[in-house]
Amino acid sequence: MTDSTATTDPATQPLRSPLHDRHVALGAEMRDVGGHELPFRYTSELDEHRAVREAVGLFDLSLMGEIRVSGPDAASFLAHTLISAIKPIALGKAKYTMIVQEDGGIIDDLIVYRPGVNEFMLVNNAGNMIEVYDTLRERVGGYDVEVIDRSSEIALIAVQGPKAAKLLRRVVPADSHGTLDALRYYSCTSLEVAGLEMVVARTGYTGEDGFEVFPPAERGAEVWDALLAAGGTVENPEDPADDGADLGVRPCGLLCRDILRLEAGMPLYGRELTRERTPLEAGLKSVMGPTKGNFIGRNALVNQPQPQQMLVGLQIEGKVAPERGAVLRDADGKEVGEITSTKVSPTFGYPIAFAYVDRWLGSKGTELTLDVEGEQRTATVVPTPFYNRKKRK
């Protein structure tokens, strides 16, 4: 996802989601984020965070990009233009990957879904839609593929939290419960949701179990309403295993999502990922895969010397998060890095952060210092993700 603090020219009319009126009616605080008017929060980001960690939250991601790549050469084309091995992706599966420049700089990170043998759906960041689409078109060359931007045609709603599956079961037909239950992480299928056939994927950006549903843009508000309504008390659920209790569903905004993704150790485009950084610096060499063949940017990445800096996780003493961009120093007071994302974690009660630091200082337990509201604080390098639901007590 793109930087949730970016701004745009005030003279430019921001783009609005097909669900915009729903957010306003729910009292959401709307903000212009990189040319997109989006719900920043509804009530409290802490309440929304708690809903996702303990129950279920809904996020409107309709302004993300959706690009359809299809044709006999679709798999070969994407293998050439993205950094991951695409051909091994099985039908109904998905993969996290990146598109990079010739020099290895990251143009965007995205998820590739394979709903058909010769059909792929790319979901990319809202702020990079034009760049990614144009880059794909430029790279088509002699490949027999069709690249279509479907972003304006499709809404995207994320259903995230430990009760996400129970909520989805309430809005899909009873005879589809088995299909829904069998859907594994980073998989996709076609299901009827709230009476509409659409792609449903078990993916997300919060560190929790969850799904993303892709209704037609003009019907997205109906699906949003149905999901909110189904999260309340249900008197006669179709599912005998469902006691009909209130699931505690909440609409959630970008601020909550930023906290969740940071706890889950997920990088954000515009902060951790930029055109000035490579997947190697971001600690994402594994996204390329050990047997990945030739692709645009490969020479730069394969031949790149060990990066001078690496992305690390930090635990910061105190109860106040530093400013993004805060300078990190070593024991001698030398500048050795910079904070890219930071929040006080509601889960842990102390500030956590992503930062790029000089490579030789990236080992677990290394202590650095930084200024927080005029006071020197210690920042300790720790493993990421900070939060792992599988280890939750």
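Is R271 buried or exposed? At 8% relative accessibility, R271 counts as buried. Buried here means under 20% relative accessible area, exposed means over 50%, and partly exposed lies in between (1.4 Å probe, protein chains only).

This is a predicted model, in which local features need pLDDT of at least 70 and side-chain atom pairs count only at pLDDT 80 or more, while totals for chains, interfaces and linings use all residues. Residues are numbered from 1 along each chain as its sequence is written, and side-chain values use heavy atoms, with hydrogens and water left out.

**Salt bridges**

A salt bridge is a side-chain nitrogen of Lys or Arg within 4 Å of a carboxyl oxygen of Asp or Glu. The whole structure holds 23 salt bridges. Three of them are set out below.

| Pair | N to O distance |
|---|---|
| E208 and R53 | 3.1 Å |
| R261 and D258 | 2.8 Å |
| D258 and R271 | 3.2 Å |

The E208 and R53 side chains meet at 3.1 Å. This pair links distant parts of the chain, 155 residues apart. E208 lies in the loop between β12 and β13, and R53 in helix α2 (residues 45–54). Helices (H or I, at least four residues) and strands (E, at least two) are DSSP runs, numbered from the N terminus. E208 is buried, at a relative accessible area of 5%. R53 is buried too, at 7%.

D258 takes part in two of the tabulated bridges. The bridge from D258 to R271 links distant parts of the chain, from helix α8 to the loop between α8 and α9 (298–302), 13 residues apart. D258 has 4% relative accessibility. A network of salt bridges links D258, R261, R271, E272 and K343.

R277 also sits in the loop between α8 and α9. Its side chain makes a polar contact with the side chain of E281 at 3.3 Å. A polar contact is a pair of N or O atoms within 3.5 Å; within protein, one must be able to donate a hydrogen and the other to accept it, and residues adjacent in sequence count only if both atoms are side-chain atoms. Leaving out residues up to four places away in sequence, R277 touches G104, G105, I106, E272, Q309 and Y356. Contact means heavy atoms within 4.5 Å.

**Domains and their interface**

The chain is divided into domain 1 (15–63 + 154–259) and domain 2 (65–128). These bounds come from an automatic or database domain assignment. The domain centres, taken over C-alpha atoms, are 24 Å apart. Domain 1 gives 13 residues to the contact and domain 2 gives 15.

About 1100 Å² is buried between domain 1 and domain 2, with 64% from carbon and sulfur atoms. Buried area is the accessible area (1.4 Å probe) that two parts lose on being put together, summed over both. In domain 1, Y186, C188 and F214 lose the most area to domain 2, together 46% of what that side buries.

Across this interface the rule finds zero salt bridges. Five residue pairs are in polar contact there, both residues at pLDDT 80 or more. On the side of domain 1 that touches domain 2, β12 (196–201) and β13 (210–214) each supply at least two residues.
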